[in-house]
Amino acid sequence: MTDAERTHPAVERVEAALLAAGVEPRVRWFETATPTAVAAAAELGVEVGAIANSLVFTIDGEPLLVMTSGAHRVDTQFLGERLGGRIRRADADTVKAATGQTIGGVAPVGHPAPLRTVVDVALAGYPEVWAAAGHAHTVFPTTFDELVRLTGGEPGPVEPGPASA
């Protein structure tokens, strides 16, 4: 089965969102799930930092999508202070309700409603980044600038360090 013949409702919503934003969806399907940045990077043959992880948190009870480089961990205390709220990891039910997708395959787009989004500035260091496409077996290529545009996200650091100076 070719990538074009594979389908899933969440992936179809991601593809529709990309098309609506003027981006040709180039979804790649894997035979096995790639729910982590390490797994996706190994499958694609790219640096783990070029994987744009979609992590859902809550900030003061509201969903927050953080698109972070696979080479980083989100420092919730740092990010919460930067954004002016308290950040907690979202549970699986909150992730599904906010995105319409399940953990391991959350895409930056294709959600039931727009989500407040932060995009890790470390992703800008890669000419191409890869994000999940709504299912743990899928990814699509994009760029940092396109990811910011697609999500309406706020670029910024997600952990203290040189990028936050």
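Colleague: What do β6 and β7 form, and how many residues lie between them?

Modeller: β6 and β7 form a hairpin with 5 residues between them, and Gly-134 in the turn has a positive phi of about 100°. Strands here are DSSP runs of E of at least two residues, and helices are runs of H or I of at least four, numbered from the N terminus. The model is predicted: local features need pLDDT of at least 70, side-chain atom pairs count only at pLDDT 80 or more, and totals for chains, interfaces and linings use all residues. Residues are numbered from 1 along each chain as its sequence is written, and side-chain values use heavy atoms, with hydrogens and water left out.

Colleague: In which sense do β6 and β7 pair, parallel or antiparallel?

Modeller: Two strands pair if DSSP finds at least two bridges between them. β6 and β7 have 4 bridges, so they pair, in the antiparallel sense. Val-129 has Thr-142 in β7 as its bridge partner.

Colleague: Why is Asn-53 called buried?

Modeller: Buried means under 20% relative accessible area, exposed over 50%, and partly exposed in between, with a 1.4 Å probe and protein chains only. Asn-53 has 18% relative accessibility, and therefore counts as buried. Asn-53 belongs to strand β2 (residues 51-59).

Colleague: What puts the buried residues of α2 on the same side?

Modeller: In α2 (residues 37-44), the buried residues are Ala-37, Ala-40, Ala-41 and Leu-44. They cover an arc of only 100° around the axis, taken from the directions from the helix axis to the C-beta atoms, and therefore lie on the same side of α2.
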